[in-house]
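Please read the points with the structure in view.

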Amino acid sequence: MVCAGTQPTLPPAARDLVPYAQSLGLVRLAAWYALELSISREAPFSTGTALSHALLGRLEGAGAIRVSQSQEPGIRRSLYEPLAWFYPTDWGEPHHVQSKLQAALLELAASHDTMDSKVELWGALANAEIETYVTHLLRRHTLDPAGAPFIMHLMADEWANHSLARKRYLAWYGARGAAAAFLQTGMDQDAARNAMLDEMRRRSRWLASRSASNKLAGEEYRFVPDLNWRRPVLLDVFLTMLLPEGKSYWSDVPGPRREHQSKEDRTSQ
């Protein structure tokens, strides 16, 4: 039997870390754990800059962290991008914090009550990822990248039933039309953006029609990142610990597992 007197005693705050972290809910806890991992990983924290700052804001609003730009001792920093924070509560040694957050997340993720939160995080990651991709395509074709949120807003209902990989294909397809219109109209940014939207809408409806008539295989018209892509830390946490069983981040639309899957779901597995 181990003698209790020989065991290290954690301070009260450190002992309370797991229940406190779980009280934040699955989304904030996953973000906190990923933030800790980002200290040593050469990859973005999340799938989009706006999402990263929103999640840090949610953690700060809950009192878990304080965002900081100072050089004071105790400041923690992401390795890949300029994200810095400190803890208003002393949770103990860094390795202790990370292991406790991992344990807390695994335990919380096992609960059936967290399915809605998993879907919420999935949708947030996917939406940020496609906006980041649209921004990349606009910049690559010398178009104004600030137009990405506008395109995302106008396409929200149009492509809601398409998977992330299909949305990436549609963005790529539309960007080709935008680049052509940009040249044909004497570098008119508005005309190029409208052409991109028109191309995306037409192609989206064509794909939806083919899917409805069972003429669209799961692997067709899908774009996923290449092997050299730096997978964001929070996405890695989601894929390895939180993605609902039997679902694909790239080829399924965010949502709980359905008893009866569509043909597209079945052919993509």
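1. Start with a term for helix pairs. A crossing is right-handed if the near helix is turned clockwise from the far one by less than a right angle, and left-handed if anticlockwise. In that sense, α7 passes α9 in a right-handed crossing. The contact joins F150, I151, L154 and M155 of α7 to R193, M196, L197, M200 and R201 of α9. Contact here means heavy atoms within 4.5 Å.

2. Some ground rules. This is a predicted model, in which local features need pLDDT of at least 70 and side-chain atom pairs count only at pLDDT 80 or more, while totals for chains, interfaces and linings use all residues. Residues are numbered from 1 along each chain as its sequence is written, and side-chain values use heavy atoms, with hydrogens and water left out.

3. The overall plan. The chain has 11 helices and three strands. These are DSSP runs numbered from the N terminus: helices are H or I with at least four residues, strands E with at least two. In sequence order the pattern is α-α-α-α-β-β-β-α-α-α-α-α-α-α. Of the 269 residues, 44% are buried. Buried means under 20% relative accessible area, exposed over 50%, and partly exposed in between, with a 1.4 Å probe and protein chains only. Among contacts with a separation of 6 or more, 70% join residues 24 or more positions apart.

4. Back to α7 and α9. Helix α7 covers residues 148–155 and helix α9 residues 189–212; their axes come within 11 Å and cross at roughly 35 degrees. Axes are lines fitted to C-alpha atoms, for helices over the stretch in contact, and angles run from 0 to 180 degrees between N-to-C directions. By class, this contact has seven nonpolar, no polar and two charged residues. Nonpolar covers Ala, Val, Leu, Ile, Met, Phe, Trp, Tyr, Cys and Pro; charged covers Asp, Glu, Lys and Arg; the others, Gly among them, are polar.

5. Helix α5 (residues 94–109) and helix α10 (residues 233–242) pack at about 50 degrees, with axes 11 Å apart. The two are therefore oblique to each other. Under 35 degrees counts as roughly parallel, over 145 as roughly antiparallel, 65 to 115 as roughly perpendicular, and the rest as oblique. This crossing, too, is right-handed. Q102, L105, L106 and A109 of α5 meet V237, M241 and L242 of α10. The contact of α5 with α10 has six nonpolar, one polar and no charged residues.

6. The sheet. Three strands form an open sheet in the order β1-β3-β2, with antiparallel pairing. β1 (66–67) and β2 (76–77) stand at the edges with a single partner each, so one side of each has no neighbour in the sheet. Strands pair if DSSP finds at least two bridges between them. β1 and β3 (residues 84–86) have two bridges. R66 stands opposite F86 in β3.

7. Two loop residues to check. M187 is not a glycine, yet has a positive phi of about 65 degrees. M187 lies in the loop between α8 (164–184) and α9. N214, also not a glycine, has a positive phi of about 60 degrees. The place of N214 is the loop between α9 and α10. Both are partly exposed: M187 at 49% relative accessible area, N214 at 48%.

8. What does E129 touch, leaving aside its neighbours within four places in sequence? T47, L164, R168, Y249 and W250 are its contacts. E129 belongs to helix α6 (residues 115–140). E129 is buried, at 5% relative accessible area.
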